[in-house]
Amino acid sequence: MKFCFLVLSSVLVLLSLPVKAQEVAVVQLYTQDELLDLIKQNVHLQRVQKDECQLVSDIQARADVMKVPAYQFLYGDMLAFGVCVKKDVERGWDLMQQAASQGLPEALEQVGRYYHTGRFVQQDNSKAVVYLREAAGLGNLKAQMRFAQMLIKGDASPLDMEDCYRWLHHSVIADTKTHQEVQQLLAQLANKMPGAALTRAKRPL
């Protein structure tokens, strides 16, 4: 009887101890919109690390089983840079391409950028143009700016200058520095374009 009393007392003492909030905090999986916003800000990997890698299995499931483009992109980046998982560049690259093939603008831009800079893959301007032009046409500003740079340097077809100028001319940019960079790109494109093409590109959408 005395033993039972001691056990019961010990249990009551344990139950009365305060539980640290961080030990019971459960990290909620990102919504599609939230994840896309993190990707656009290029802070998606930092967020996974900030969440102490608690969501790796959920992220992997949505990438490999459900094949959600945003999660394919996220998990691919995690593998490519070894964030919360063992580094596997080949597997990560495959997932990035899968996300791009489903039309995710951020994935198209990143794959195109890597082909342009030669990161993870051999540098290939022709492949870079394919991905960057597609992303640019879907409204990805980073792709539009990089594509403009390629056009100015002669690394892409001059036939695309009118479209690229139109995309940048009608873009809405909050960041002052980025806005100035776009103005400079527009000026350089304009110097290489016929007057008629420039006029058409400036017409309201």
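**Exercises on rings and sulfurs**

Phe81 has a relative accessibility of 30% and counts as partly exposed (buried is under 20% relative accessible area, exposed over 50%, partly exposed in between; 1.4 Å probe, protein chains only). This is a predicted model: local features need pLDDT of at least 70, side-chain atom pairs count only at pLDDT 80 or more, and totals for chains, interfaces and linings use all residues. Residues are numbered from 1 along each chain as its sequence is written, and side-chain values use heavy atoms, leaving out hydrogens and water.

**Exercise 1.** Work out how Phe81 and Phe120 pair, and which parts of the chain they join.

*Solution.*
1. Start with the total: the structure holds six aromatic pairs (Phe, Tyr and Trp rings, Trp by its six-membered ring, with centres within 6.5 Å; planes under 30 degrees apart are stacked, over 60 edge-to-face, the rest tilted).
2. Phe81 and Phe120 are edge-to-face, with 5.5 Å between centres and 65° between planes.
3. Phe81 sits in helix α6 and Phe120 in the loop between α8 (105–117) and α9 (125–137), so the pair ties together parts 39 residues apart in sequence.
4. Phe120, at 32% relative accessibility, is partly exposed.

**Exercise 2.** Find the disulfide and its handedness.

*Solution.*
1. Cys53 and Cys84 form a disulfide, with sulfur atoms 1.9 Å apart (the cut-off is within 2.5 Å).
2. The S-S torsion is about -65°, so this disulfide is left-handed.
3. Cys53 lies in the loop between α4 (44–50) and α5 (56–64), and Cys84 in the loop between α6 (69–81) and α7 (89–101) (helices are DSSP runs of H or I, at least four residues; strands are E, at least two; numbering starts at the N terminus).
4. Cys53 is partly exposed at 33%, and Cys84 is partly exposed at 25%.
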